[in-house]
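This report concerns charged side chains and their pairing. Please consult the sequence and the coordinates alongside the text.

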Amino acid sequence: MYWSPPRSAYLDLRLVRGDGPPVAVEIDREEHGTAVDKLRDEALRGRPALWIRWHGALRAELPAGVARLHLPARSTRSPVRYSLMAVTDTAAITLGEAVTADARENARQRDRRRIEGERRAAALPRDPGPIRCR
């Protein structure tokens, strides 16, 4: 038995760098709790996290370790079409507070417990399935 994440658990983009950990990126038009949760988890594990938001209101608080880039957009009437506007100031980029060492250690402990649970589940005898008589 293996845990398989739902589609909403995957990141939109992961930028692999040769000189550091990969950068986790979420790109959203609307406010989604799953995007913030995924980025917070990446930041707790020591990976850079970037939330690119376009169109819509901004969430007031950012999780620790997450950076946000807000791209202003305009929309037309039905059918709705969006066009990005130029970013004219540095206010488009905001940073969450720094991740604390305690929060990072708690995330590592949760990861260890999850991995151990997956190993225990994988070691269980497999269900042979239904018995068929011919």
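The sections below treat the salt bridges and one glutamate in turn.

## Basis of the values

The model is predicted, so local features need pLDDT of at least 70 and side-chain atom pairs count only at pLDDT 80 or more, while totals for chains, interfaces and linings use all residues. Residues are numbered from 1 along each chain as its sequence is written, and side-chain values use heavy atoms, with hydrogens and water left out.

Side chains of opposite charge can pair when their charged atoms come close. The whole structure holds 11 salt bridges, each defined as a side-chain nitrogen of Lys or Arg within 4 Å of a carboxyl oxygen of Asp or Glu.

One of them joins arginine 14 to glutamate 42, with an N to O distance of 3.3 Å. Arginine 14 belongs to strand β1 (residues 13-15) and glutamate 42 to helix α1 (residues 33-44), so this pair ties together parts 28 residues apart in sequence. Helices (H or I, at least four residues) and strands (E, at least two) are DSSP runs, numbered from the N terminus. Glutamate 42 also forms a salt bridge with arginine 47, whose closest N and O atoms are 3.0 Å apart.

Glutamate 42 is buried at 10% relative accessibility, whereas arginine 14 is partly exposed at 38% and arginine 47 is partly exposed at 27%. Here buried means under 20% relative accessible area, exposed over 50%, and partly exposed in between (1.4 Å probe, protein chains only).

## The link between aspartate 111 and arginine 45

Aspartate 111 and arginine 45 form a salt bridge through their side chains at 2.6 Å, N to O. This pair connects distant parts of the chain, 66 residues apart: aspartate 111 lies in helix α2 (residues 101-123), and arginine 45 in the loop between α1 and β3 (49-54). Shared partners extend the arrangement, as salt bridges join Arg45, Asp111, Arg114 and Glu118 into one network.

Aspartate 111 counts as buried at 18% relative accessibility, while arginine 45 is partly exposed at 26%.

## Surroundings of glutamate 26

Glutamate 26, in strand β2 (residues 23-28), is buried at 2% relative accessibility. A polar atom of the glutamate 26 side chain lies 3.0 Å from the backbone nitrogen of aspartate 12.

Methods
A polar contact is a pair of N or O atoms within 3.5 Å; within protein, one must be able to donate a hydrogen and the other to accept it, and residues adjacent in sequence count only if both atoms are side-chain atoms.
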